[in-house]
Amino acid sequence: MDAWTGHEVPTLPTTAPPLRLYDSARRSVQPSAPTSPATMYVCGITPYDATHLGHAATMITFDLVQRAWRDAGLEVRYVQNVTDIDDPLLERANRDGEDWIVLAMRETALFREDMEALRIIPPAHYVGAVESIPAIAAHVRELLADGAAYTLDDGTGDVYFAVSAAPSFGYESNLSRDEMRTLSAERGGDPDRAGKRDPLDPLLWRGARDGEPAWDGGDLGPGRPGWHIECATIALGLLGDTIDIQGGGNDLLYPHHECSAAHAERLTGASPFARHYVHAGMIGLDGEKMSKSKGNLVFVSRQRADGIDPMAVRLGLLSGHYRADREWTDDVRKAGEQRLARWRTAAAAPAGPSGEGLLAAVREALADDLDSPAALALVDAWAEAALAGAGDDPAAPALMRRTVDARLGIRL
Ligand code: 5CA
Ligand code: ZN
């Protein structure tokens, strides 16, 4: 499917240092050392409701990665999916008496508009689960033929992946089996289902049910794909056997990313599937993770309709570190608006402290595991000095403008 339209990203003088990033598997900050093109797969939305600030924060995180890589001289191949068929989408469509396809198309269109407003560089490939079904079904058949999957013998036609076929299962999330079992039950899995060989085995293919859409699975029979194999298949098809980053929010670490990596590794024999597993913190409201199922949502589109500048929203989200679970509050929004206004005024100053100095410092902060709070503080200090008449570099305001545009996605 089509992605959204991108904006021109200004080029900057010289090049940025290589990006160092926290890897969930190794639990430490490690150099991301891609060879060009750098490859990144990020888990996108399940389009049953509008884009909220949590989605926005995660998309902004990986946008910072793309900007850091490009500024370090790398070409970037970025793929994102849309889970345009899954239980939550069907449940919402049924609840509202709506066609699930219409719901998915509408919310995906809104997501694109929101991404454009937030100046997120679009992925090279924006791919739906539905359009990937033939490739997914082929992978499920391959796993079955390989003995890494099995069909439940209860007549449903449901196919499961055997985690016993993935000897290093758990290396990504570093969780105990008990923790995995609990999270699996909370996040779409079915550890207690009868007939499974291991409670942790994830669903690969759901046989057709009355009243549910189904697609031809060849030997699998009609059905629809499981969630984890969707992302494994899309990433493998477009980015190759080993990718530089598998990303998403930290709610996806287990089971989703652990299982999709296990599927990919079993299919290709290449391990690890991703050199870096990168997870953004959860944005919460009133002490709870913002989620469609909880309904405590602040929508990006609603904020746009209320006249809040998307650049202020972006600055608000960047004021916290991407890995931290953090709250969205009115104060965060107001601080974003004030900062944006201050930066705009400062960018119009006749001169300021060295633009090259600011660029180098911002690059260093962002190279250090995307330390956006530090980058914002550096620009704040530059703006304060420029507004106080300090510094005599007449080219600095223009370079400051280019720096925050290219590296933070903030158009002044
Ligand atoms: N379609 C799947 C991924 S394949 C999915 O998780 N969809 S989603 O709509 O629930 O989330 C889309 C992206 O936003 C995922 O990367 C998810 O981890 C992230 N996300 C969801 N809620 C939040 C939140 N409250 N804060 C930060 N990121 C979030
Ligand atoms: Zn995913």
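Y254 is buried, with a relative accessible area of 1%, where buried means under 20% relative accessible area, exposed means over 50% and partly exposed covers what lies in between, computed with a 1.4 Å probe and with protein chains only. The structure is a predicted model, in which local features need pLDDT of at least 70 and side-chain atom pairs count only at pLDDT 80 or more, while totals for chains, interfaces and linings use all residues. Residues are numbered from 1 along each chain as its sequence is written, chains are lettered from A and ligands numbered from 1 in the order in which they are written, and side-chain values rest on heavy atoms, with hydrogens and water left out.

Aromatic side chains were examined next, with rings of Phe, Tyr and Trp (for Trp, its six-membered ring) taken as a pair if their centres lie within 6.5 Å, and with planes under 30 degrees apart called stacked, those over 60 edge-to-face and the rest tilted. By this rule, seven aromatic pairs are found. One of them joins Y150 and Y160, whose rings are stacked, at 6.3 Å centre to centre and with 25 degrees between the planes. Because Y150 belongs to strand β6 (residues 149-151) and Y160 to strand β7 (residues 159-161), this pair ties together parts that are 10 residues apart in sequence; here helices (H or I, at least four residues) and strands (E, at least two) are DSSP runs, numbered from the N terminus. Both partners are hidden from the probe, since Y150 is buried at a relative accessible area of 5% and Y160 is buried at 0%.

The ring of Y254 pairs with that of F169, and because the centres are 6.2 Å apart and the planes stand at 80 degrees, the pair is edge-to-face. F169 lies in the loop between β7 and α5 (177-186), whereas Y254 lies in helix α7 (residues 253-268), so this pair ties together parts that are 85 residues apart in sequence. F169 also counts as buried, at 17% relative accessibility. Elsewhere, W4, F111 and Y126 form one aromatic cluster. A ring can also have a charge over it, which is counted if NZ of Lys or CZ of Arg is within 6 Å of the ring centre and within 35 degrees of the ring normal; R323 lies in this way over the face of Y22, at 3.9 Å from the ring centre.

Helix α7 also holds H257, which is buried with a relative accessible area of 0%. The side chain of H257 makes a polar contact with the side chain of H279, at 2.8 Å, where a polar contact is a pair of N or O atoms within 3.5 Å; within protein, one atom must be able to donate a hydrogen and the other to accept it, and residues adjacent in sequence count only if both atoms are side-chain atoms.

Around ligand 1 there are 23 residues, of which G44, T58, T83, D251 and K292 come nearest, a residue being near if one of its heavy atoms lies within 4 Å. A polar side-chain atom of T46 is 2.8 Å from a nitrogen atom of ligand 1, and a polar backbone atom of M290 is likewise 2.8 Å from a nitrogen atom of ligand 1. For G249, a backbone N or O atom lies 2.8 Å from an oxygen atom of the ligand. The protein covers 95% of the 590 Å² of accessible area that ligand 1 has on its own, as computed by the Shrake-Rupley method with a 1.4 Å probe. Two or more residues of the shell are given by each of α1 (53-71), α6 (227-239) and β10 (243-249), and the largest share, three residues, comes from α1.

Some backbone features complete the description. A cis peptide bond, with omega about 0 degrees, joins S36 and P37, and another joins S271 and P272, again with omega about 0 degrees. P37 lies in the loop between β2 (28-31) and β3 (38-42) and counts as partly exposed, at 29% relative accessibility, while P272 lies in the loop between α7 and β11 (274-280). Although R27 is not a glycine, R27 has a positive phi of about 55 degrees; this residue is found in the loop between β1 (20-23) and β2 and is exposed, with a relative accessible area of 54%. R119, also not a glycine, has a positive phi of about 55 degrees, but R119 is buried, at 11%.
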